[in-house]
Amino acid sequence: MNRRTFLLASGAALSLPLMGCSSSSTTNTTNTGGNTSTQTPLRMPQLLTGTQFDLNLQTGSMEFIAGTSTPTFGINSNYLGPVIKVRNGDTVNFNVRNTLTEAATLHWHGMHVPGNVDGGPHQEILPGGLWQPSFTINQAAATNWFHSHTHNKTGEQVYRGLAGMMIVEDAESDALDLPKSWAEDDFPLIIQDRKFNTDGSFSYLPTQQDAMRGMMGDTFMINGSIDPIVDLPNKEVRFRILNASNARVYQLRLSNGDAFKQIATDNAFRETPLSLTSITVSPAERVEIVVDLSNLQGQTLTLQDANNNDTVLLTLNVNKAASSITRVPAQLTTLTPLDPTAAVRTRPFVLGRTRGLFSINGVSMDMTRIDHAMTLNEVEIWEITNTMGMTHNFHSHATHFQIIERNGSAANVLEYEKGYKDTVLLNPNDSVKVVVKMTDYTADASTPYMFHCHILEHEDRGMMGQFTVA
Ligand code: C2O
Ligand code: CU
Ligand code: CU
């Protein structure tokens, strides 16, 4: 199916290619490496709500670049998956069918669930197989996601498209005066970078350097749309941003330099909105931001990556009339930070290289080795050190943590990383301390939780370990 039918089928609003727009925007030149293309309407994933979800892991094809066809993976779709919206307190059930010709798993990243439904590498769904996890949503409103977590193949499978967004709502998020009209003033932005071969197929790890630093592409997409444009009302608009790239770290900013408000970190709202003009998002991290377009009727601006010469990721076309207004409240939630002085131990996590593989504490991922045994309700400090001259990050399954020190000092913790987090960026030679507590759920040695660098090529090449909770 061609791009236009696909977009119509996916329910995206069509907008005309935009030429010569206002001076506040950068040019509409494509980032597809020399092709001249017009902008495409931002694709909107299907939204699924309720408590029963049927998810099919499937092959597909996409016309990302006009006139070419890219073989892909998707979940109920040609590429990527639906947005699954669940409610705190609900018990949800999944039928996950693997119609691929290779084994895969599906991990609920950011979800606070027992080890035996976490979807890590021990829970392979064989080709033709069906996996039926069920769990009760037991956490505050957040923007999370799900993705393949197959042993040694996560990078490749996510690159091909096995990822989607999972949103948790609760009574508190219902009550807040935030933008929440889906696809009107509330949008998922799943940011990825890809590299294409001339025949249109994805290029994955063409060079040794791609495996070493992590796979970075030269073509950017949001929700699977290259150079997308979205029509927006002249009011506050909320973006639920997920960096679903394998390795690239983005520094997001608006072309007009305007400030926006960060309202959420990985696993929860911030207590209060934070005004920023740019925000850094490393692989697997989520941020929710609210951009105020009230005074920008008729204007066009762009969301750009300041880490990459202000590459345009998304064009915002303010051309719709707001049907109602919202006002981001001064207080969003109340968090319960863990007390570091209550910690019973400090665990080191040293990110490095050992015997030609990536490693944590000198050992590379071994499915048969449990690296840490955690005890329910014990507060711990985890000291994560990047010993390398390259960027890593660190993600833990099971629960959230709070960052209490960066490079030896609490004062170095960045404002936008204060709150509930499950993934933290470590620039070359950085160290961070986080405080964490396992609660509610256990994981035994047959289905342990994972901790790892979320640069997927590093995860697949050893920078991962396993822990039980009892
Ligand atoms: Cu996003 Cu171990 O996962
Ligand atoms: Cu995870
Ligand atoms: Cu890494």
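The structure is a predicted model, in which local features need pLDDT of at least 70 and side-chain atom pairs count only at pLDDT 80 or more, while totals for chains, interfaces and linings use all residues. Residues are numbered from 1 along each chain as its sequence is written, chains are lettered from A and ligands numbered from 1 in the order in which they are written, and side-chain values use heavy atoms, with hydrogens and water left out.

**Copper sites**

- C453 and H458 are both buried, where buried means under 20% relative accessible area, exposed means over 50% and partly exposed lies in between (1.4 Å probe, protein chains only).
- The copper ion (ligand 2) is coordinated at 2.0 Å by H107 (NE2) and H395 (NE2).
- Because H107 lies in strand β7 and H395 in strand β28, this pair ties together parts that are 288 residues apart in sequence; helices (H or I, at least four residues) and strands (E, at least two) are DSSP runs, numbered from the N terminus.
- H107 and H395 are both buried.

**Nonpolar cores**

- The largest nonpolar core has 55 residues, and those with the most contacts inside it are F64, F239, L252 and L314; such a core is a set of buried Ala, Val, Leu, Ile, Met, Phe, Trp, Tyr and Cys residues joined through side-chain atoms within 4.5 Å.
- Another core, of 30 residues, lies apart from the largest one, and its members include A247, M388, F401 and V424.

**Cavity and pocket**

- One cavity of 30 Å³ or more is present; on a 1 Å grid over the protein atoms alone, a cavity is a set of points where a 1.4 Å probe fits but cannot get out, a pocket is an open set with protein on both sides within 12 Å along at least five of seven lines, and lining residues have an atom within 4 Å of a point.
- The volume of the largest cavity is about 50 Å³, a volume being the space filled by probe spheres set on the points, with grid points joined across faces, edges and corners.
- Of the 14 residues that line the largest cavity, G110, M111, S396, H397 and A398 lie nearest its centre.
- The elements that give two or more residues to the lining of the largest cavity are β7 (107-109) and β28 (392-396), and β7 gives the most, with three residues.
- The lining of the largest cavity divides into three nonpolar, nine polar and two charged residues; Ala, Val, Leu, Ile, Met, Phe, Trp, Tyr, Cys and Pro count as nonpolar, Asp, Glu, Lys and Arg as charged, and the others, Gly among them, as polar.
- The largest pocket holds about 290 Å³ of space, and it is lined by 16 residues, of which H112, N138, T399, H400 and T439 lie nearest its centre.
- Four nonpolar, ten polar and two charged residues make up the lining of the largest pocket.

- A163 lies in strand β11 (residues 163-169) and counts as buried because its relative accessibility is 1%.
- Leaving aside neighbours within four places in sequence, A163 is in contact (heavy atoms within 4.5 Å) with residues including I75, L80, W145 and F146.
- L335, in the loop between β23 and β24, counts as buried at 14% relative accessibility, and its contacts beyond four places in sequence are A268, F269, E271, G419 and Y420.
- A343 is found in the loop between β23 (311-320) and β24 (345-354), and at 24% relative accessibility A343 counts as partly exposed.
- A183 lies in the loop between α3 (171-175) and β12 (186-194) and has a positive phi of about 65° although it is not a glycine.
- N429, in the loop between β30 (423-426) and β31 (431-437), has a positive phi near 65° and is likewise a residue other than glycine.

Key: Donors = N, O, S within 2.8 Å, 3.2 Å for Na, K, Ca; no water.
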